[in-house]
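Here are my notes on the model you sent over.

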Amino acid sequence: MKKLKIGVAGLGRAFALTAPALRDPRVQVVAGADPRPEARRRFQQEYGARVFPTVEALCADPAVEVVYIATPHQFHASQARLACAARKHVLVEKPMALSLEDCRAMNDAARDHGVQLIVGHSHSFDLPILKTRELIQTGNYGAARMITALDFTDFLYRPRRPEELATETGGGVVFNQAAHQVDIVRLLAGGKVLSVRAHTGIWDPARPTEGAYSCQLRFDSGVFATLVYSGYAHFDSDEFMGWIGEMGQKKDPKAYGAARKSLKGDELRLKARRNYGGREFKPTRASAHQHFGVLVVSCEQADLRPLPNGVMIYGEREKRLQRLPKPRIARAEVIDELYGAVVEGRSPLHGGESALATLQVCLAMLESARRQKEIVL
């Protein structure tokens, strides 16, 4: 079996969450890059891989076949183009970039250099979402007509760098969290978004970026979708998911308010301590599939609700759980798609053009909220 040789650009939180998938036998981690020496030391110890202080040096390594870009959002575009120019395949974290122009330049670079470009992880990779899509495509429940997505978290009160609290540099919940919801509903609706109407909330002067949104999307297939998100650390919608967290981990309902309580002192230092390589870093232990809050797909003859252990089917003559096996490796679906595209020649679901369409919707959400009107795409 061919092993894909991966170099990781950026050894922060995004990498740490995807790291279990990099233990998949189809891939081999051969190199990593990060400016922080403590992260490089831990990475070298865990993977026995080469380490570099810069992404440029990583891309120049002839042993690297795929560059996984897990750096801050504002670097995605330039680093993806750099990797493509070095004829490396690219897996880049969401959001793909911060402008449509950058997305197009990334897609052009991948096409010009004959490499694959995949954008993820996003929660549209999650197996319960893919199973929901499969159930829709059987036609057994009629056409999808309406999608409702809702998530309430503590996102805004996790330790942040200054640029993570500024919309213009990719901060806030629209760039970071709407990318998940939009990806999910686009995958399940199966069409093109025609229009966007959104409202956003910026309610804490100390964290002056979008912390909440409510949005309605209209698709050319006739589907309409409602997206609601709040990261203001009050209600936790994991209560509706059996206290299984976003990463598939069990949560303690008694830990209410922990994010706000722990956000004291130097935020950058606190973030560094909790980040990969920091002395307080703890890997997430998953017991179920990952999710992104409550999601209901209303078809003509049933409602479908993905859950951490399967998909609930609420039909006209049945109510049952289509159970899924427990995850073997967290985020293995990312490796499925990457390996399928690079080695097996399969078209990826989460390629660059799809990610560009997701970013277009996210940007339209910001514009719609700013102009207080529907945006036609």
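**Notes on the predicted model**

1. Let's start with K251, which is partly exposed, with a relative accessible area of 29%. Keep in mind throughout that this is a predicted model. The side chain of K251 meets that of D236 in a salt bridge, 2.7 Å from N to O.

2. Most residues other than glycine have a negative phi, and most peptide bonds are trans. W243 is partly exposed, at a relative accessible area of 23%.

3. R87 is another one to check on the phi side: the angle is positive, near 60°, and the residue isn't glycine. You'll find R87 in the loop between α4 and β5. At 54% relative accessibility, R87 counts as exposed.

4. Two cis peptide bonds deserve a look. One runs from K94 to P95, with omega near -15°, and P95 lies in the loop between β5 (89-92) and α5. Another joins G120 and H121, with omega about 10°. H121 has its place in the loop between β6 (117-119) and α6 (127-138).

5. Now for helix α2, residues 37-47. Which of its residues are buried? They are A39, R40, F43 and Y47. Looking down the axis of α2, these buried residues fall within an arc of 100°, so they line one face of the helix. On the other side of α2, R41 and Q45 are exposed. What does the buried set pack against? The partners are β1 (4-9), α1 (13-18), β2 (27-33) and β3 (50-52). After α2 comes G48, with a positive phi near 60°.

6. F43, in helix α2, is worth a point of its own. Its relative accessible area is 0%, so it is buried. Leaving aside neighbours within four places in sequence, F43 is in contact with V8, L11, F15, V29, A31, G32, G48, A49, R50, V51 and Y276. For one of these, G32, the C-alpha atom is separated from that of F43 by 7.3 Å, with the two residues eleven apart along the chain.

7. Next, the pair α4 and α5. How are these two helices arranged? They pack at an angle of about 5°, with their axes 9 Å apart. That makes α4 roughly parallel to α5, since angles under 35 degrees are classed that way. From α4, the contact uses H76, A77, A80, R81, C84 and A85, while α5 brings D102, A105, M106, A109, A110 and H113. By type, the residues of this contact divide into eight nonpolar, two polar and two charged.

8. R81 and D102, both listed in that contact, also meet through their side chains in a salt bridge, 4.0 Å from N to O. R81 belongs to helix α4 (residues 76-85) and D102 to helix α5 (residues 100-113), so the pair ties together parts that are 21 residues apart in sequence. R81 counts as partly exposed, at 32% relative accessibility. D102 is partly exposed too, with a relative accessible area of 29%. The cut-off for a salt bridge is within 4 Å, so I'd read this pair with the 4.0 Å distance in mind.

9. Side chains of opposite charge can pair when their charged atoms come close. How many salt bridges does the model hold? The count comes to 24. One of them links R36 with D34, where the closest N and O atoms are 3.1 Å apart. Both R36 and D34 are buried. There is also a network of salt bridges linking R160, R161, E163, E164 and K271.

Methods
Residues are numbered from 1 along each chain as its sequence is written. This is a predicted model: local features need pLDDT of at least 70, side-chain atom pairs count only at pLDDT 80 or more; totals for chains, interfaces and linings use all residues. Side-chain values use heavy atoms; hydrogens and water are left out. Buried means under 20% relative accessible area, exposed over 50%, partly exposed in between (1.4 Å probe, protein chains only). Helices (H or I, at least four residues) and strands (E, at least two) are DSSP runs, numbered from the N terminus. The arc is that of the directions from the helix axis to the C-beta atoms. Contact means heavy atoms within 4.5 Å. Axes are lines fitted to C-alpha atoms, for helices over the stretch in contact, and angles run from 0 to 180 degrees between N-to-C directions. Angles under 35 degrees count as roughly parallel, over 145 as roughly antiparallel, 65 to 115 as roughly perpendicular and the rest as oblique. Ala, Val, Leu, Ile, Met, Phe, Trp, Tyr, Cys and Pro count as nonpolar, Asp, Glu, Lys and Arg as charged, and the others, Gly among them, as polar.
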